[in-house]
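Subject: Structure handover

Hello,

Please find the structure below. My notes on what was found in it follow.

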There are 2 protein chains.
Amino acid sequence: MARAGLTADRVTEAAADLADEVGFDNITLSALARGFGVADASLYSHVRNVRDLRVRVAVRAARELADRLAAATTGRAGKESLAGFANAWRDFAKSRPGRYQATQMPVEPDVIAGSGGHQRIMATTYAHLNGYGLPEPALTDAIRLLRSTYQGFFALEASGGFGHPRDVEASWAAILDALDSALTHWRVSAERKEP
Amino acid sequence: MARAGLTADRVTEAAADLADEVGFDNITLSALARGFGVADASLYSHVRNVRDLRVRVAVRAARELADRLAAATTGRAGKESLAGFANAWRDFAKSRPGRYQATQMPVEPDVIAGSGGHQRIMATTYAHLNGYGLPEPALTDAIRLLRSTYQGFFALEASGGFGHPRDVEASWAAILDALDSALTHWRVSAERKEP
DNA sequence: AGCTAAAACCTACGGGTATTAGGTTATCTG
DNA sequence: CAGATAACCTAATACCCGTAGGTTTTAGCT
């Protein structure tokens with residue numbers, strides 16, 4: 001009886017691959033065990049439970065996304081940086097749908113704090129807008145706009161939510177133009193300071 | 001043995017309520033049957049399967065959202081219409097989270113075609129931007145921007161994705177300003193006609 | 001080489017959900 | 001009131017998660 005040589009890392013990687021195939025919400029310990037030729041219960045030696053497995057996939061996926069985002073924005077500024085960032089994110093969402101979904105999974109703050117990937121995504125997100133010269137809190141507002149728009153767009157794109165015949169690529173380009181314009185002309189209102 | 005008096009509609013309504021409680025992805029035939037004091041299998045007389053039940057909830061929820069959106073935009077134009085639309089959507093997402101999730105469920109085109117709610121949501125979405133005078137295909141691009149942003153924002157808000165201490169309401173207001181500005185200054189490029 | 005302890009697996013359950021098949025009973029209608 | 005229909009039921013299959021406790025392999029140490 002040759003052993004599969006399981007380890008938490010290999011299980012996580014297999015789970016990430018499975019997520020890309022069947023969707024992050026549909027990964028199953030049983031399917032993983034089948035893939036390894038192993039009994040379901042054997043996986044519990046390497047992973048606490050399904051939830052734990054998902055978190056591990058999320059952390060690993062965040063690392064990969066962070067790499068891509070960083071590579072796509074270093075040395076760029078303004079619209080170039082914006083487009084590089086957005087396109088890298090979109091590429092990731094389309095080519096690794098399961099891992100992308102994993103990065104959006106709500107996890108405990110302490111997990112995020114301990115996840116280098118999540119930290120670097122945050123950092124890169126803030127940094128890539130440097131060229132627009134937005135002061136806080138406008139910068140955070142702008143980032144929330146970008147995150148919302150991207151996440152919503154990718155979700156709609158993935159679920160076939162764009163029923164209209166208009167070319168999705170053209171819409172994407174137009175949206176990036178609009179976002180660049182919004183960032184360029186962001187109205188920094190003189191509001192009270194918020195905590 | 002008094003009967004529960006089940007019907008497809010009552011089951012759907014109960015499912016919608018359950019979705020608001022535990023999340024649309026977590027509705028379960030077993031839980032519904034428990035609530036009615038009935039065996040699981042009994043529900044299959046009124047609903048084909050879980051998928052069918054979800055679609056029914058989606059159709060019903062779309063009707064409710066369509067009502068709210070229409071009420072929030074009739075007689076308004078420009079920023080007022082935009083804000084009314086967006087806030088009505090957000091209110092719905094926050095007060096009826098399960099039903100809101102249901103409206104985002106990917107369903108077959110023929111289901112959408114037969115769902116008055118979905119149709120009216122589309123119509124209202126297009127109509128509420130009339131004041132901005134956008135020609136096609138810019139109008140469709142703009143609508144895709146709005147849908148993406150709203151959907152992403154609500155998802156992030158619901159999942160606690162906004163970790164930063166910045167007040168979410170303030171960000172929301174700033175984002176609406178930015179979107180209004182983007183729509184007002186939308187760059188209608190002279191591109192080739194797309195199908 | 002031989003022993004040992006940890007790591008890698010297993011079987012056996014208990015519990016939950018989806019779905020089908022085939023029956024039974026209340027309720028409506030002609 | 002009889003028959004049809006709608007509203008139920010039990011039973012069984014098939015997955016899935018998770019726990020408990022046991023067995024085998026592997027690696028390290030003497």
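Chain B can be laid on chain A with an RMSD of 0.1 Å, by a turn of 180 degrees and a shift of 0.1 Å along the axis. The two copies are thus related as by a two-fold rotation axis. For this, the copies were superposed by least squares on the C-alpha atoms of residues with pLDDT of at least 70 in both. In general, two copies of a chain are related by a rotation about an axis and a shift along it.

This is a predicted model, in which local features need pLDDT of at least 70 and side-chain atom pairs count only at pLDDT 80 or more, while totals for chains, interfaces and linings use all residues. Residues are numbered from 1 along each chain as its sequence is written, and chains are lettered from A and ligands numbered from 1 in the order in which they are written.

Chain A

Chain A has nine helices and zero strands. Helices (H or I, at least four residues) and strands (E, at least two) are DSSP runs, numbered from the N terminus. The C-alpha trace of chain A spans about 70 × 45 × 30 Å along its principal axes.

Within chain A, the axes of H3(A) and helix H4 (residues 78–95) come within 8 Å and cross at roughly 150 degrees. Axes are lines fitted to C-alpha atoms, for helices over the stretch in contact, and angles run from 0 to 180 degrees between N-to-C directions. H3(A) and H4(A) are therefore roughly antiparallel to each other. Angles under 35 degrees count as roughly parallel, over 145 as roughly antiparallel, 65 to 115 as roughly perpendicular and the rest as oblique. Residues of H3(A) in this contact include Leu65(A) and Arg68(A), and those of H4(A) include Phe85(A) and Trp89(A). Two residues are in contact if their C-beta atoms, placed from the backbone, lie within 7 Å.

Where the chains meet

The contact takes 39 residues from chain B and 39 residues from chain A. On the side of chain B that touches chain A, the largest share, 14 residues, comes from H8(B). That side has 18 nonpolar, 13 polar and eight charged residues. Here Ala, Val, Leu, Ile, Met, Phe, Trp, Tyr, Cys and Pro count as nonpolar, Asp, Glu, Lys and Arg as charged, and the others, Gly among them, as polar. Since 100% of the interface residues of chain B are also interface residues in chain A, the copies meet through the same surface.

The DNA strands

The surface near DNA strand D divides into 11 nonpolar, seven polar and four charged residues.

DNA strand C is also surrounded by 22 residues, and the closest are Arg3(A), Leu6(A), Ala41(A), Leu29(B) and Asn49(B). The largest share of the surface near DNA strand C, three residues, comes from H2(B).

Regards

Key:
Near = placed C-beta within 6 Å.
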